[in-house]
Amino acid sequence: MKYLIGIDIGGTNIACGIVDEQGVILHKQSIKTESEKGFEAVVANIAAVVREIMELKSLKKNQIKWIGVGCPGACNTDSGVLEVSNNLKWHNVPLRAELEKLTGIKTFIDNDANAAAYGEFVAGAAKGTNSAIVITLGTGVGSGIIIDKKLLYGTNFAAGELGHTVIEAEGVPCNCGRIGCFEAYSSATGLIRMTREAMELDKDSLMHEIAEKSGKVGARTAWLAAKEGDRSGEETVDKYIRYLACGITNVINTFQPDIVCIGGGVCNEGDNLLLPLKELVSKQVFSRNSAKNSEIAICSLGNDAGIIGAAMLGVQAE
């Protein structure tokens with residue numbers, strides 16, 4: 001039996017796991033990224049942890065089919081070069097070649113959002129579908145597009161930046177330089193901004209008490225207040241869901257996938273998020289009279305999606 005190794009490089013931690021060919025994680029562990037030490041040092045640490053987990057599971061090199069790496073930034077999947085990563089401050093680094101040199105194992109690389117999306121596709125909420133869009137609602141809005149069971153890259157390997165499509169033409173500035181991006185409204189960061197704005201307008205809102213108790217205005221502040229019947233909390237949650245529905249409707253109208261999966265901390269709200277979101281989208285999608293419409297579901301793999309998706313990247317090349 002052959003095994004796969006999946007590596008998920010984050011700004012703070014690097015997660016590494018041994019995965020079987022069905023996408024099941026057999027063992028995982030993490031190390032600090034320490035990107036400030038430079039590219040060579042980080043890759044050497046990755047190679048070291050790969051050797052460590054292979055030894056722990058008594059695996060030889062010939063039992064490992066390949067290594068897959070998901071990393072933040074623009075990855076050239078043909079050349080194996082990470083062309084730019086603002087998070088890691090790496091530019092045109094030969095990630096694939098260096099890891100292959102240090103481990104002696106065939107390696108694939110891809111953007112971390114693509115890897116996480118592919119993880120949900122092969123082993124999570126989108127398993128068994130032909131096409132899927134996976135959207136992560138975190139500090140930003142990350143996404144991956146799978147059409148006919150293949151990740152969509154575009155001519156410059158940067159396709160899938162759905163967070164930087166505009167949903168409010170005269171809206172707030174986005175970090176990318178555009179105005180009114182999906183990310184600026186539907187990320188956790190966007191929700192926190194809208195919560196702060198609502199609190200400024202309503203000094204009597206329960207959100208003030210909730211924020212004081214937790215020590216911060218967070219992505220859950222408005223949700224917690226809404227559950228207690230706070231009007232401003234309810235209005236903020238409704239506003240957030242309307243923007244999210246707008247962005248997801250655009251995605252469905254563009255790609256008509258079998259499923260759109262959403263992930264991130266805000267999805268812990270479960271049906272309180274999902275049911276009103278589905279209702280709004282169903283009224284807006286172009287295909288609303290069709291017998292078969294795109295499903296909307298919450299991602300099921302959590303943080304494991306990046307490891308599993310990275311490990312399975314080689315399937316794309318087979």
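Student: Which residues does Ser187 touch, not counting residues up to four places away in sequence?
Tutor: Ser187 touches Gly138, Thr139, Gly140, Val141, Phe182 and Tyr240, where contact means heavy atoms within 4.5 Å. Keep in mind that this is a predicted model, where local features need pLDDT of at least 70, side-chain atom pairs count only at pLDDT 80 or more, and totals for chains, interfaces and linings use all residues. Residues are numbered from 1 along each chain as its sequence is written, and side-chain values use heavy atoms, with hydrogens and water left out.

Student: OK, and is Ser187 buried or exposed?
Tutor: Buried, with a relative accessible area of 1%; buried means under 20%, exposed over 50% and partly exposed in between, using a 1.4 Å probe and protein chains only.

Student: Where does Ser187 sit?
Tutor: In the loop between helix H4 (182-186) and helix H5 (188-201). Helices (H or I, at least four residues) and strands (E, at least two) are DSSP runs, numbered from the N terminus.

Student: Switching topic: in what order do the five strands of the open sheet come?
Tutor: The order is E11-E10-E9-E12-E13, with mixed pairing; two strands pair if DSSP finds at least two bridges between them. At the edges are E11 (150-151) and E13 (295-298), each pairing on one side only.

Student: How many bridges join E10 and E11?
Tutor: Two, in the antiparallel sense, with E10 covering residues 141-147. As for Ile147, its bridge partner in E11 is Lys150.
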